[in-house]
Amino acid sequence: MYRLIGIVLFFFLGILFQPVVFAQTSYTVSGYVKEAKSGEVMVGTALFLENTEYGIYTNDYGFFSLSAPQGEYVLIIENLGYKTQKIPVSLTKDVSLNVKMETEDLTEGEVLITDQRRDENVKSTEMGKVEMNIETVKKLPVLLGEVDIMKTIQLLPGVQAAEGTTGLYVRGGGPDQNLILLDEAPVYNPGHLLGFFSVFNGDAVKDFTLYKGNMPAQYGGRLASVVDVSMRDGNNQSFHGKGGVGLIASRFTLEGPIAKDKASFIISGRRTYADALAQPFVKSTSPFKGSGYYFYDLTAKANYIISNKDRILISGYLGRDIFSFNSKETGFKFSTPWGNTTATVRWNHLFNDKLFMNTTLIFSDYDFKSNIEFRSFKFRLSSHVRDYNAKWNFDYYPNTRHRIKFGANAIHHTFDPNGLYIQIDTLEINRTDRFRKYNMEYAVYVQDEFDITDKLRVNAGLRLSAFQHIGPYKKPIYNIDGEAKDTVTYNSFQNVIAYAGFEPRISVRYAINTQSSIKASFNENSQYVHMVSVNGSFPSDFWVPSSETIRPQRGEQYSIGYFQNLNKNMYEISVELFYRKMRNQVEYNENYTFDIRSDYEREFVYGLGQSYGMELFLQKTKGRLTGWLGYTLARTFRVFNDSTRPFGILNGGDPFPYTYDRRHNVSFVATYEMEKIQIGGLKIYPRPVTLSGVFVYGTGNAFTPPTSYAGLLSLVQFYTVFGDRNSARMQDYHRADISMTLHGKTNKKFRSNWVISVYNAYNRFNPYFYYFPQDLSPSGVLETKAMKVVVFPVIPSITWDFEF
């Protein structure tokens, strides 16, 4: 299989670099497409020469390059939601052209979902891809008034979610198998409030793209998906501000030009204030005075256009969650701070009208701590990940038939899982770096999308990856009893172990006609970092790298689908079938209990995962009523049957459902634009109103049930005997959310909206988890029953948004 795929790939990639011979002289029109009002670059804008087959899309930085034989043409520029432009171009020489797009004048009450380019879902080779503008996200009902990208992604087919949280389980993958990026910087923990809100402030975000499997070759390091979030660049024409005041948090954003048409900035902050509001009502004599919880985040970006060939962009994110508990009576203190920090510096450079480069330097840091203080005793458990990353990405446009991407990246990882600090009086034990590991991760890639015929298009790519565990490191040597008796020392950057990955990517599109197509794809991925967890033991959730003991995860995915647009692209329909196989899945063994003294690597077991299913997606993109219907029919299971390792077998070696295996998953999303609210001749509200609704349904999550109890009746001591792993199901999950946005008076200087939303409108008691209390009846019979824990009943909220 590998040899066949390699031959096919290298055949396609080999023809890319053959000299291109035109029957006549060709010239190139190239430049940037920007939004006229803000000056921000426009990604994915379609440009094509009228009455020809020559066309292209702008790249991630708004750049385009389009070549055609010498002649006179009309260049058409289109982007959904903007006025189409027609510009005469004379290709008697190379032409440089920068385009500014004006927003489209919609008929009254009409709305557009500006999530993707016209016909892209039919014409491109991409599968399992969803692009969405932040304005679409802001129209949907939200939990407690907080706009949330991650919860919107959970409404798409192929994506499973846990109740209320921002975790993603994509096509059978786990939460650590998603590469989540903010301006190219990896975000290791995308959630605030233990995952109930995402770290992305909607006012600072431009858009996001989700790849559910067939990810382009420039992405790697994860098996399941990519969530690529792009921040806004900031308005380089005039100063603006926006913000919002909600029930639990407020936010404020300021943006504007540093130098008009040349440089701009944007800075956005958000903070919860439930703790600040509650504290005045807590008596100074209360034993809980000073306890509380809050989170905050700060997002900033600046960019400078040096010339038409060079541009610098700098962006950063800082977010923290802080939970604290203080007991005045006992002197007991507990705090848990955690959060992400990222920084990105990018340099765009145009070598010529056919070769575009982006160089990126990235810093990413995730830190978690759990602190306990009681009199003279101090205890801290920590987990920490830090990355330094350098990337080089190139876009090369040799001719209209090819768009080639190639590049490389290198990452230096530092992992500190399960750090430990203890102080008792003057005795101090500091082992925060006891499991510290240093790693290097490398990758090179090349990819091309090209047309073989007018109907057949191929996207072929190859990614080669490598991963090293390097020094400094002291490797423990264990005896047959599992006791560490000696160590082997490695110096800085000395190789401990190395792995490599061969990751082919290929997808094919066959156009049935201008409105429908069939696509098929295959891709392989390697994952060298892992997050492991024990249910109900939050400090045990941490990131670890591949090592001599922990092997890299490998994954393969096959997909085939049918795509069609109807009624002038007003409706989009797609059906996709997928099969995914995953190797070296990591879990704790069944006998594991959390122990701060143990070497976590010796507690892991490794197995296989499989997932397959069908995804149906129907979307309406234009008119007063817009939205989508998504349905997923899927199965996901795991097998752990490694008899070579102690306790390496789970569930007796038999397959078992993954925790978030859901046979059926349905999401219905609708938004309706009204000119006003009027009953008969009575105007209830004279200005525009946006109504939105969401309904979701999913098969209940799997869990492992208790089947019996054993112990000594005379001592009233019992322990639980569990059944097969994940052999029971929670109640099916379903809820409806609704929202109404009342648009206020608008003038050139100020506008505001009131957003009223209701989460779980009909108060469905969906289970968050079950527990099973035991009680001995007077007759001596041990009784137990399942108790359901519900986190989110019906929750109304109101938010005031403003902009100036």
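Leaving aside neighbours within four places in sequence, which residues is S526 in contact with? Select S526 in this predicted model and display its surroundings: the contacts are G221, R222, L223, S465, G501, E503, Q553 and R554.

**Stop 1: S526.** The residue belongs to strand 34, which covers residues 516-527. S526 counts as buried because its relative accessible area is 2%, under the 20% cut-off. Now show side chains for two of the contact residues. The side chain of R554 makes a polar contact of 2.6 Å with that of S526. The side chain of E503 also makes a polar contact with the S526 side chain, at 3.5 Å.

**Stop 2: F750.** Next, go to the loop that runs between strand 51 (733-743) and strand 52 (751-759), where F750 is found. F750 is partly exposed, with a relative accessible area of 34%.

**Stop 3: strand 17.** Select residues 205-211, which form strand 17. Six of its seven residues are buried, so strand 17 is largely enclosed by the rest of the structure. Strand 10 (residues 129-133) runs antiparallel to strand 17 and is joined to it by five bridges. To see this pairing at residue level, pick N133, which stands opposite D207 of strand 17. Strand 18 (residues 225-231) also pairs with strand 17 in the antiparallel sense, over six bridges.

Notes:
Residues numbered from 1 in each chain as written. Predicted model: local features only at pLDDT ≥ 70, side-chain atom pairs only at ≥ 80, totals over all residues. Heavy atoms only, no water. Helix = DSSP H or I, 4+ residues; strand = E, 2+ residues; numbered from the N terminus. Buried < 20%, exposed > 50% of the residue type's maximum accessible area, 1.4 Å probe, protein only. Polar contact = N/O pair within 3.5 Å; in protein donor to acceptor, adjacent residues only side chain to side chain. Contact = heavy atoms within 4.5 Å. Pairing = 2+ DSSP bridges.
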